[in-house]
Amino acid sequence: MPLANKQKPPILQRPRRLLMVVGALLALLLIVYLATAATGFLRTHSKVPDPQMTGGEAPLERAM
């Protein structure tokens with residue numbers, strides 16, 4: 001059976017729909033990425049240095 005006559009899966013029969021599915025997945029990944037970045041930024045942005053901090057973390061907290 002030649003490749004041109006082979007039945008395509010339903011998602012490939014309508015290429016525009018495939019692009020919409022891929023676009024929706026990329027948009028979802030972008031939203032998750034931005035939410036993760038915002039959470040990390042807000043956690044470090046509002047952090048108050050602890051004056052009693054000792055050990056390896058102390059120089060980093062003093063620099064902030």
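Reader: Where in the chain is confidence lowest, and where is it highest?
Author: The average pLDDT of the chain is 79, and 69% of the residues score at least 70. Where pLDDT is low, the predicted coordinates should not be read in detail. Helix 3 (residues 58-63) has the lowest confidence, with a mean of 55, and the highest, at 92, is in helix 2.

Reader: Which helix gives the most to the nonpolar patch?
Author: The patch covers about 670 Å² of surface and includes Ile 11, Leu 12 and Leu 18. Helix 1 (10-13) and helix 2 (15-45) each supply at least two of its residues. With six residues, the most comes from helix 2.

Reader: Is Leu 25 buried or exposed?
Author: Leu 25 is one of the patch residues and lies in helix 2. Exposed means over 50% relative accessible area. Leu 25 has 51% relative accessibility, so it counts as exposed.

Reader: What percentage of the 64 residues in the chain is buried?
Author: The accessible surface of the chain is about 6,200 Å², and carbon and sulfur atoms account for 68% of it. A residue is buried when its relative accessible area is under 20%. Of the 64 residues, the buried share is 3%.

Definitions and conventions. Residues are numbered from 1 along each chain as its sequence is written. This is a predicted model: local features need pLDDT of at least 70, side-chain atom pairs count only at pLDDT 80 or more; totals for chains, interfaces and linings use all residues. Side-chain values use heavy atoms; hydrogens and water are left out. Patches are made of residues with over 30% relative accessible area and no salt bridge: like charges are joined within 9 Å, nonpolar side chains (Val, Leu, Ile, Met, Phe, Trp, Tyr) within 5 Å. Accessible areas come from the Shrake-Rupley method with a 1.4 Å probe; for residues, only the protein chains shown count as cover. A salt bridge is a side-chain nitrogen of Lys or Arg within 4 Å of a carboxyl oxygen of Asp or Glu. Helices (H or I, at least four residues) and strands (E, at least two) are DSSP runs, numbered from the N terminus. Buried means under 20% relative accessible area, exposed over 50%, partly exposed in between (1.4 Å probe, protein chains only). pLDDT is the predictor's confidence in each residue, from 0 to 100.
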